[in-house]
Amino acid sequence: YASIFAVLFFTGIGLPPMPEEAGILYAAGLRALHPEVFWWGAWPACALGILAADCVLYGLGRRLGPRLFEYRWVQRVLSAERRQRLEGKIHQHGIKLLILARFLPPLRLGVFLITGAARYSFVKFVLADLVYGVVGVGVFFFAGSWVMELLKSVGHAAIWFVAAPLALYGLYRYFRYLQRKEAGPASVVAATTAEPGNPAGAVPA
């Protein structure tokens, strides 16, 4: 369980830069292949690892404030233009924006830093994380466990030689797909948070 927590925590803060979903699938694999690993321990370990990582990012943004965005490593993750587009949406559409950002890995880290720097409600921030921890993590975890159990029941070594590369390739394609979506994150966020009757980007009369 400690290894599951650690994998989700470090991927959550971007070390290494890979989707959190890969860590969830790692937990699902442990659950399927090791009888001593129970779902009621592995699933919460995933959620807590993600929550801890997100709280670190939130706390870093809250403590350093606007100064945080002067660091070069932050500017590589979050450009000034992108930050300005997101800052105005945090307080108005916080929970919806936080849940949306979970599915855009390159954007996720920057959004959580901005959320802390903007001093968005910590309670609402944790609430958005808990929603994802129950629903999003649950879907990935149990679907991954089912696939692993299926492969285990087949029990043929050749299946693993085929399945492992396919799984890695699938994760790669999924990450590339999210990167393409993230290429225009501002438009996605604007479309999601636009007020009815007021097109995204339009200036009220």
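Select Y1 to start: this residue sits in the segment before helix 1 (2-12). Helices here are DSSP runs of H or I, at least four residues long, numbered from the N terminus. The model is predicted, so local features need pLDDT of at least 70 and side-chain atom pairs pLDDT 80 or more, while totals for chains, interfaces and linings use all residues. Numbering runs from 1 along each chain as its sequence is written, and side-chain values use heavy atoms, without hydrogens and water.

Stay on Y1. Its relative accessible area is 42%, so Y1 counts as partly exposed (between buried, under 20%, and exposed, over 50%; 1.4 Å probe, protein chains only). Together with Y1 they make a nonpolar surface patch of about 560 Å². Patch members have over 30% relative accessible area and no salt bridge, and nonpolar side chains (Val, Leu, Ile, Met, Phe, Trp, Tyr) are joined within 5 Å. Areas come from the Shrake-Rupley method.

Next, helix 1. Select I4, L8, F9, T11 and G12, the buried residues of this helix. Their cover includes helix 2 and helix 3 (39-64); contact means heavy atoms within 4.5 Å. Then click G14, which follows helix 1 and has a positive phi, near 90°.

Last stop: E20 and R108. They form a salt bridge, with the closest N and O atoms 3.4 Å apart. The pair ties distant parts of the chain: E20 is in helix 2 (residues 20-33) and R108 in helix 7 (residues 105-117), 88 residues apart. The structure holds 1 salt bridge (a side-chain nitrogen of Lys or Arg within 4 Å of a carboxyl oxygen of Asp or Glu). Check the burial of both partners: E20 has a relative accessible area of 0%, and R108 is buried at 5%.

How values were computed. Patches are made of residues with over 30% relative accessible area and no salt bridge: like charges are joined within 9 Å, nonpolar side chains (Val, Leu, Ile, Met, Phe, Trp, Tyr) within 5 Å. Accessible areas come from the Shrake-Rupley method with a 1.4 Å probe; for residues, only the protein chains shown count as cover. Helices (H or I, at least four residues) and strands (E, at least two) are DSSP runs, numbered from the N terminus.
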